[in-house]
Amino acid sequence: MTEVRLHIYDVTNSDSDKTNNTIVQINKIFKDGIGLGGIFHSAVQVYGDEEWSFGYCEQGTGVFSCPPSKNPMYTYRECIVLGKTDFSIYKVNQILRELSREWPGCSYDLLSKNCNHFCDELCEKLGVSKLPGWVNRFANAGDTAAEIVGNTAFRLRQAKTEIVSASKVAYRFLASVASNSPESPGNTIRGTPRFQGTWFKNLISNGAKPSSSSELENEEASMNRLQKLQDAETPLRHNSRDDI
């Protein structure tokens, strides 16, 4: 059984001293002042004089080690004891080899897969407490915001796709109705179907449709007039046949 320690640094690896000083001040205000969090690098020490962490590289594993509290890229802040692991040094080395394969440097992501996420997983495998919430809170908040934005964009794309699909179905339906409208001389009521077919064809070809209730009423009145003319015409035709 051995102690597991978490080493925490302020992220001051910028080429600009002004930026580095700003980050230090942010961490003092948000972590030291109100206990919310900050911008931190972390590493885990277990068995021996090395701390283990994760970072970006183009090829190979992103898992690396250095002497405890001596990472030259950052400004050391503090050490937290997370508990004790029951695993032997052999088992710990096995865990580190597995993580080295699972965490390639090219997979590094500032919000969703950074050094703090790596330390969290390593601590979980060692059977000790995970990192305090404030260590990675800014990254977790940013990742959540990115996920919300991504989901919103997906839903908008999905809605757009559904609208386009519905429009295509409606178009095919209207085209089918227009092409199948009965217009033969033998129909009992020739005026109404012919009028409907024409209206649908105009709707499909021109994208036009009645834009107000008054237009709809005018269309309906026209249909009624056509119907009355048809009804009046039919008896006259029957009478003429009888006379012949």
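Which element of the chain has the lowest mean pLDDT, and which the highest? Helix α5 (residues 191–206) has the lowest, at 43, and strand β3 (residues 51–54) the highest, at 97. Here pLDDT is the predictor's confidence in each residue, on a scale from 0 to 100.

## Ground rules

This is a predicted model, in which local features need pLDDT of at least 70, side-chain atom pairs count only at pLDDT 80 or more, and totals for chains, interfaces and linings use all residues. Residues are numbered from 1 along each chain as its sequence is written, and side-chain values use heavy atoms, with hydrogens and water left out.

## Confidence along the chain

The chain averages a pLDDT of 74. Of its residues, 57% score at least 70. Over residues 142–150 the pLDDT is below 50. That stretch has three contacts in the model beyond near neighbours in sequence. A contact means heavy atoms within 4.5 Å.

Residues 181–212 also stay under 50 in pLDDT. For them the model has 42 contacts beyond four places in sequence.

## Overall layout

The chain has six helices and five strands. From the N terminus on, the order is β-α-β-β-β-β-α-α-α-α-α. Both kinds of element are DSSP runs, numbered from the N terminus: helices are H or I with at least four residues, strands are E with at least two.

Buried residues make up 29% of the 244 residues. Buried means under 20% relative accessible area, exposed means over 50%, and partly exposed lies in between (1.4 Å probe, protein chains only). The accessible surface comes to about 15,400 Å², by the Shrake-Rupley method with a 1.4 Å probe. Carbon and sulfur atoms account for 55% of that surface. Take the contacts between residues at least 6 apart in sequence: 68% of them join residues at least 24 apart.

## The nonpolar core

In soluble globular proteins, nonpolar side chains tend to be buried together. The largest nonpolar core in this model has 25 residues. Such a core is a set of buried Ala, Val, Leu, Ile, Met, Phe, Trp, Tyr and Cys residues joined through side-chain atoms within 4.5 Å. L6, I8, V44, F118, L122 and L126 touch the most other members. At least two residues each come from β1 (2–10), β2 (40–45), β3, β5 (75–85), α2 (89–102) and α3 (115–126). The largest share, five residues, comes from α3.

L126 shows how the parts meet. Not counting residues up to four places away in sequence, L126 touches V4, V44, V46, T85, F87, V92 and I95.

## Aromatic pairs and charges over rings

The structure holds seven aromatic pairs. Rings of Phe, Tyr and Trp (its six-membered ring) pair if their centres lie within 6.5 Å; planes under 30 degrees apart count as stacked, over 60 as edge-to-face and the rest as tilted. Y9 and Y74 have ring centres 6.1 Å apart and planes at 55°, so this pair is tilted. Y9 sits in strand β1 and Y74 in the loop between β4 (63–66) and β5, 65 residues apart. Y9 and Y74 are both buried. F40 and W134 form an edge-to-face pair, 5.3 Å centre to centre with 80° between the planes. F40 lies in β2 and W134 in the loop between α3 and α4 (137–179), so the pair ties together parts 94 residues apart in sequence. F40 and W134 are buried too.

Ring pairs also link F54, W103, Y108 and F118 into a cluster. Two lysines lie over rings. The charged end of K31 sits over the ring of W134, 4.4 Å from its centre. K113 lies over the face of W103, at 4.8 Å from the ring centre. The test is NZ of Lys or CZ of Arg within 6 Å of the ring centre and within 35 degrees of the ring normal.

## Residues to inspect

T2 is found in strand β1. T2 is buried, with a relative accessible area of 18%. Among the residues T2 touches, beyond four places in sequence, are V46 and Y47. N114 belongs to the loop between α2 and α3 and is buried at 4% relative accessible area.

Most residues other than glycine have a negative phi. Y47, in the loop between β2 and β3, has a positive phi near 55°. S69, in the loop between β4 and β5, has a positive phi of about 65°. Y47 is partly exposed at 25% relative accessibility. S69 is partly exposed at 25%.
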